[in-house]
Amino acid sequence: MKRNFNPIKIYLFIEIAASTFFPMIFVASSLYQVTVAELTPLQLVLVGTTLEISAFIFEIPTGIVADIYSRKLSVIIGYLLMGAGFLIEGFFPAFAPILLAQVVWGLGYTFTSGASEAWISDEIGEEKANRLFLRATSVGLYASLLGMGLAVLTGGQNTALPIRWGGIGIILIGIILALTMPETGFKPTPREDRDTWGQMVHTFKEGIAAVRARPRLLSVLGIGLFYGLYSEGFDRLWVKHILGSFALPAFFANNQVAFFSALKAVGTVLTIITLPPIEKRLDTSQPQAIGRAMLFVTGAISAGLIGFAFSSLLGLTIGAFLLIMILRQIATPLYTSWVNQKLDSRTRATVLSISSQVDAVGQIAGGPSVGLIAKFASVVAAISTSGLLLTPALFLVGRANAQSRELDKDI
């Protein structure tokens, strides 16, 4: 007899396992690209741009696959591909293989993007799922501490090892989900009605129509665009900035992985302390409540980026980094909940994929521009530009809040 696994527990397992292995990889990957592969600032940004181009190309087709065939299958394929991509990067420390790795794991990411959120929303309902997103983020933060610790243990003498072991762990997530993940709330398109490309086009058009019919959602997606514009430069250059501008504390002189793991661990602990009160007090079923929180978070991230770029003291630079890290962890589930509100189940994964694609467009546009600034000016100028690129999102947050108020009046 087939055992029925609790979808909430499975979703939390995904978050815990992914939050263990991804930080294990990411703590080491930026350092690996700078010190082992010896990529230039422009190459570092181009690595990220390649990842985002892959996400842009594959996001909608894979989201539509999740809406037509199976959310479960989409998520499983995604984790298998992501793990394979990280293994390519971890075993081949050169610019071209690292670019290939971004394509492979970027493709895998698009299979999970939108699909996992749509799957849990169908299994337990939208309102419960929106609450679960914040809870899962909080639980995942604890798991990320384990991942950072594993990075220190495995990467002290070989920076590639956390990437390799993390890639294997991500593949194991896909295998476990194939054996345990239920799918009872989703109704796939009947086989006799499937005209694969025609159905994909139809579903995509329905997703676009759902976005166009809701002005507030258009504003929210615009906010996602500016989050994409700013993030690529910071994500790819912050390690380069610290290594190039400051001498690391003597205690970490022989283990740079330990320094960056400790830095991220402190940020994670602070986020763990910060997130639960927000989770309890913030009503994620109310768009205006999310909007007010996003207004504060967006403004503070922008200011933190500029402070991070121009600080001449390591302590202040670290403080700005920690502030940015905490606020970004808060912003992610808030934004997902904002997009996820009142979506039709038939197009939910597609609309969520559109939101990810909008972010990819921003990163594709912002990444090379910031990379060129780093090449011809400085890394400091590039990161401060990233902070300025986020500021227009403040206007869109205000507009989305105004649209929510108008909608409430009409109701």
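S30 is buried, with a relative accessible area of 14% (buried means under 20%, exposed over 50%, and partly exposed in between, using a 1.4 Å probe and protein chains only). This is a predicted model, where local features need pLDDT of at least 70, side-chain atom pairs count only at pLDDT 80 or more, and totals for chains, interfaces and linings use all residues. Residues are numbered from 1 along each chain as its sequence is written, and side-chain values use heavy atoms, with hydrogens and water left out.

**S30 and its neighbours**

- You'll find S30 in helix α1, which covers residues 7-36 (helices are DSSP runs of H or I with at least four residues, strands are runs of E with at least two, and both are numbered from the N terminus).
- Leaving aside residues up to four places away in sequence, S30 touches D235 and V239 (contact means heavy atoms within 4.5 Å).

**Salt bridges**

- The count comes to 4 salt bridges (a side-chain nitrogen of Lys or Arg within 4 Å of a carboxyl oxygen of Asp or Glu).
- R131 is partly exposed, with a relative accessible area of 45%, while E127 counts as exposed at 52%.

- Two packed helices are described by the angle between their axes and the distance between the axes.
- Axes are lines fitted to C-alpha atoms, for helices over the stretch in contact, and angles run from 0 to 180 degrees between N-to-C directions.
- Helix α6 (residues 126-155) and helix α12 (residues 314-340) have axes that come within 10 Å and cross at roughly 155°.
- That makes α6 roughly antiparallel to α12 (over 145 degrees is roughly antiparallel, under 35 roughly parallel, 65 to 115 roughly perpendicular, and the rest oblique).
- α6 passes α12 in a right-handed crossing (right-handed if the near helix is turned clockwise from the far one by less than a right angle, left-handed if anticlockwise).
- On the α6 side, the contact residues include F133, L134 and M148, and on the α12 side they include M325, Q329 and P333.
- The residues of this α6 and α12 contact split into 6 nonpolar, 6 polar and 1 charged (Ala, Val, Leu, Ile, Met, Phe, Trp, Tyr, Cys and Pro are nonpolar, Asp, Glu, Lys and Arg are charged, and the others, Gly among them, are polar).
- Helix α11 (residues 287-310) also packs with α12, at an angle of about 155° and with the axes 9 Å apart.
- That makes α11 roughly antiparallel to α12.
- The crossing of α11 and α12 is left-handed.
- By class, the contact of α11 with α12 has 20 nonpolar, 5 polar and 1 charged residues.
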